[in-house]
Each structure stands twice: as structure tokens, then as C-alpha cells.
Amino acid sequence: MKKTAIALCILSPITYVNAGAIDFLKESNHTFGLENFYDNVQSGRYDKTGNSDILNWVQSASYNFDSVYVDDHYGFNLGLLAVEPLDYGEVFFAKSIAQVDVDKNGKRSAQGFNKVSEAFLKQKFTTNDNLNINLYEGLRVLNKFGALSREGSVTSSAYYGITTEVNSEKWGIKAGYLTEYSSPNDSDTKELLTKDNKEIDFIYTVAVDYKNDGQSFKYYIGEGQDYLRSQSIGYSKKLTAKKVSANLIYVNSLSKYKAQSDRNRLFDNDAYIAEVKTDFFLSSGIFSLGYAYVSAKRDSSLGRFENHLSNNSQGDDSSLAKGLSKDFYNDQENVLLMSYFHRYSQEIRFGAIARYGFNFEYEGQDLYEYELGGAIFYTPKSVPGLQLSLKGGPNSSYRRARGSNTPYLDSNGKTNNFDGTTVMAKVSYNF
């Protein structure tokens, strides 16, 4: 299916050659990109004995073609990407950064790869009452698209299917019907699957938002066929020098999710995250305070919120419980957020963020976790397209079994925490 979309993208300008292919190419947008990404995590989350070093350092190169619309109606987009590891540790992130090679002795190594990051046809329509309708078919990156989002640190995951976006002055609608998924480190698309590798025929999502007089309402629904159904409703209002917002994400488990073995389910029947947040707009920057509560009941262990509509896709992760170095998604967890971001100049921005999760338990024992993070962003005016960033900080959480979210217990039957750190640095240049 993806190959068909790529072929159509290549053939589209050929059909336009007699009407001015050279002008078509000149007027379209061509973007070349270079990115150097370093990620070092010290974490004992899945280690009974101590900290594990997780190291990734890669270089990527990309090309993105965004065509103009032929006859102000038809066009296509094509993205190409290559990633090469510079260094990696004994443990490294595979899915979001690099591919994995396993030799005959079972030793894992990071490998570079090439991929088509996007390849889709596009159409647009504009009505007399300023209603803009956009249709897309093919492989497309979807970021915060209803119940779906993207994943990946160097490249982005993408979905194959049909999507549409409709916009007016006050209304916005997004809808998608997707049948395949391309992980960030995957050179091809794959069928949608449950955690126990049962096929999911499709994912659909529909999102609606309405903005008027400083107020915003939003709602979405999405489902992986008979697997999980995710819904969200949100509201925000701008006041003098601040904005208040509330949001709820609610997930139902369906027949294919419930049919999985217990080790593949992170909650039993339903789960939700409810949150409130206030952003204060200061002369020096933005200061934010937020609170979230998580519910994900699981009889056999400590439950955990999830809303991926298939095992190999990415669900909406716009909650304040989504952290820089970890997620605060445990059943009955209360999450506090505090952040401040300051624009020092047109070239330099920096900020700090803190999350604290508390008042949840396992086997009668109180658990907690936190993260502290700082970030600085530098965009020099003298070199258009160049961006540099540095993020990181300490964090702590309980040690657990990989995948099941079950806390480890020591010889005395007690849980224990690990202390870790995260450092991420990125240099990107687009021209």
C-alpha cells in the first residue's frame, strides 16, 4: 500500500509536465535537514541491582518535498530520511531512534537505516464561506490528530490511510481511517496489531474543536477495531493574563483487548486521566501550575493508563502526566506540575519543569515518583534554520518488572526506588 502511494506521488508531476513541470518544482518547497541527537539515560527502572546506562547518539539527514497545488487543487508530499548511529551503549532505545541487529551470539547492536517518512497525495477545496477542506491519502505523520499522535526522537512514526482536515474561522474537524503504521525506526509499514499479535483491521478517529471569544472546546473519539476506544473532552478559557483549562481522557477496553493474557493488559475495563491547569502570562515568560488524577484499575497488579489504539501505534499523549523522562500513568496516582519558561531574547529561551506523583500504592505500600528538568533553546539569527537544544535533569521512580508495571519487592517484601538522570542534546539545521 505504501509503495502505491509513493508511485502515485512520483507520477503526479509527470502528468503535469506539459503544463510547466519546471515551474511546479521551483514553486514547491524543498527542505533538506541535518540532525545530531544525543540521549543518555541513567535508569534502574527495570533493574533489580542498580542503574542501567542507556545511550543513543545518532546523525540523520532528511529531504522533504511539499508540492504546490496543481490547478489550485491537487498536490503531493514526499519525505526521505537516513539515520546512522555514532555511538550507543549496551542498552539503547531501538524503536524510537535506531534499528537493531542481533548476531549469532545474541549480541544486540544499533544499525542505521533509510526510510520514506511520508508519501501522500493531497487535495484542497475552499468554499465561498471560507470553509477550507483538505483531503490526504497515503503515508502521513499525524501529530496530536484526535486520538492519535506521533512517536520518535529523531524521525516520526506515520500512518497509512485516508485523513481529512476541515477548518473555518471558529470550527476545526479532523478525521482519519488508518490501516497500517510505520514505527520511527521501521523502513516499511506494518499491519495494526494487538500486543499478542492479533490483527486489527483499522483505526478511526474524529476530532472537533470550537474557538470563540477566548474560549475553546474540543472533543475526539478514536478506536482500534474492537481493541481500545479512546475519548477526550477539553475546555479552556483565556482571562486577563492567564488561561485556565480542564481535560479528560477516557479509554474503554474492548473484546480484543480483554481477550489478551493478563500480562498484556495494563488495566482491566477502563482508565482515565482528569486534569486541570492554569497558565500565567508574565512579562518575563509563562508560569504554569497543574494537577492530574489517574485511574487504571487492575486486579492482578498495579494498573497503568494506556490509550494506544493498537500495540504498534501511538495514542494521544497530550496530558500533563506525560513527562520529559517518564510518564506518571499509574492507577490512583496524583500528579502535580509546575513549570516556567522564559524568553531571554529572540535567540535564547530557557525553562524548568517539575512533576511529582504521589498517593498511589502497591501491596499496602505508598509509592512516589518525580522528575526535575531544565531546558535551553538557542536559535541564532545569523544562521537561519539552525537550532540547538539541551534538556535534562534527575528523576526517581519505583523499580518494576518490564512491561507488566508490577513493582519489584525485596527480600523483606518492600518496594524501593531508583534515582536516575536524563540528558538530551540536539543540533538541527534545515535549509
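Modeller: Strand 13 and strand 14 form a hairpin with 3 residues between them, and Asp226 in the turn has a positive phi of about 60°. Strands here are DSSP runs (E, at least two residues), numbered from the N terminus. The model is predicted: local features need pLDDT of at least 70 and side-chain atom pairs count only at pLDDT 80 or more, while totals for chains, interfaces and linings use all residues. Residues are numbered from 1 along each chain as its sequence is written, and side-chain values use heavy atoms, with hydrogens and water left out.

Biologist: How many bridges join strand 13 to strand 14?

Modeller: Two strands pair if DSSP finds at least two bridges between them. Here 10 bridges join strand 13 to strand 14 (residues 228-239), and the two run antiparallel. Within this pairing, Lys218 stands opposite Gly234 in strand 14.

Biologist: What stands opposite Lys218 in strand 13?

Modeller: That residue is Asp209. Strand 12 (residues 203-212) pairs with strand 13 (residues 215-224) in the antiparallel sense, over 10 bridges. Their hairpin has 2 residues between the strands, and Asp213 takes a positive phi near 55°.

Biologist: How many aromatic pairs does a search of the whole structure find?

Modeller: Rings of Phe, Tyr and Trp (its six-membered ring) pair if their centres lie within 6.5 Å; planes under 30 degrees apart count as stacked, over 60 as edge-to-face and the rest as tilted. The search finds 21 aromatic pairs. Among them, Tyr38 and Trp57 are edge-to-face, at 6.1 Å centre to centre with 80° between the planes. This pair links distant parts of the chain, with Tyr38 in strand 1 (residues 29-43) and Trp57 in strand 2 (residues 52-66), 19 residues apart.

Biologist: Is Tyr38 buried or partly exposed?

Modeller: Buried means under 20% relative accessible area, exposed over 50%, and partly exposed in between (1.4 Å probe, protein chains only). Tyr38 counts as partly exposed because its relative accessibility is 27%; Trp57, at 33%, is also partly exposed. The rings of Phe120 and Tyr136 have centres 5.6 Å apart and planes at 80°, so this pair is edge-to-face. Phe120 is buried, with a relative accessible area of 5%, and Tyr136 is buried at 12%.

Biologist: Where does the charged end of Arg349 sit?

Modeller: A charge sits over a ring if NZ of Lys or CZ of Arg is within 6 Å of the ring centre and within 35 degrees of the ring normal. Arg349 has its charged end over the ring of Phe377, 4.7 Å from the centre.

Terms used: Helix = DSSP H or I, 4+ residues; strand = E, 2+ residues; numbered from the N terminus.
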